[in-house]
Amino acid sequence: MLSKLRKGFTIIELMMVVAIISILLGIVVNVAQSSIKEARRHKASTVCTLVEQAFATYYAQYGKWPAPLGSMATSGSFGTENEYVLSRSEADTMVREVIREIKNGNPLMNISGLYVSTNNGEPRQERCPRHNGNVIRYYPAKGAIGMDFIEALRGTKQHPKKIKVSQMHFGYPHVHTGQFMPFRVVYNVQADTVSVEQWHWCD
C-alpha cells in the first residue's frame, strides 16, 4: 500500500508553491520599502526642524542670525524682496557657526542628528508626471552620498576617511533614494524669520 503512494510534487503543485512564495516575498518587500521610506521621511523632517530650531535659539541668544545671514540681515542688503533663499555655501556656513557654538559649550542642538555629505552638487530637477509636467520635483545630485554627522567625523567601514566639518555640506536624506539633499534655507525679510525646508518632491 505504501509503495503505491506517489512521492514528490507534480509540476502544477511546484508552480503553485513558487507563486505563493513570490506573492509573500512581494508583500514583504513592499512593507520593507514603505518602512524605509517612512524612516527617511521622518529623518528629513526631524533634521530640518532640528536646524531651524537651532537657528532660532541662536537668534534668541544673540539678537542676530548666525553668519553670514546675521551681517546681511542687519545691513539690509536684501532690498525689497520679501523672501531670500540662501545659497548652498551660505546655508552651510550658518550650520558651521552653530557647530562652533556647540563646541564652545553652547548646546544649541544635538549634532549627532545632522546628515552630511562632501558632495556640493545642486539638486537635479524634472517635471513631475503626476501633475502633467506642471510641477518641478527635485532629485539628489549624482554621487551625493550622505551619512550621519558622527559617522562622518569618525569614519566608517564603507567610508573610512574622516571628514572635517569644513568639508561638510548639510542636508537630509531623499525619501526615495536615501541620498544626500541640501537644505533649502529661506529668510523672510519682513518677518525676520528663517525656515529650513526640503526641496519639493511628488510621489
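Predicted model: local features only at pLDDT ≥ 70, side-chain atom pairs only at ≥ 80, totals over all residues.
Four strands form an open sheet in the order E5-E2-E6-E7, and the pairing is antiparallel. Color the edges: strand E5 (147–148) and strand E7 (180–182) each pair on one side only. Now zoom in on E6, residues 169–173, which runs antiparallel to E7 and is joined to E7 by three bridges. Select Pro173 and look across to E7, where Phe180 is its bridge partner.

Stay in strand E6 and pick His169. Is His169 buried or exposed? With a relative accessible area of 13%, which is under the 20% cut-off, His169 counts as buried. Show side chains here: that of His169 makes a polar contact with the side chain of Asp92, at 2.7 Å. Beyond its sequence neighbours within four places, His169 is in contact with residues including Arg88, Arg96, Tyr115 and Phe180.

Last stop: the largest nonpolar core, which has 38 residues. Select Phe55, Leu114, Phe170 and Phe183, the residues with the most contacts inside this core. Helix H1 (11–62) gives the largest share, eight residues. H3 and E6 are among the elements that each supply at least two, as are strand E8 (184–188) and strand E9 (193–197).

Leaving aside neighbours within four places in sequence, its contacts include Val47, Cys48 and Val51, along with Phe170, Val196 and Trp199.

Terms used:
Residues numbered from 1 in each chain as written. Heavy atoms only, no water. Pairing = 2+ DSSP bridges. Buried < 20%, exposed > 50% of the residue type's maximum accessible area, 1.4 Å probe, protein only. Polar contact = N/O pair within 3.5 Å; in protein donor to acceptor, adjacent residues only side chain to side chain. Contact = heavy atoms within 4.5 Å. Core = buried A, V, L, I, M, F, W, Y, C linked by side-chain atoms within 4.5 Å.
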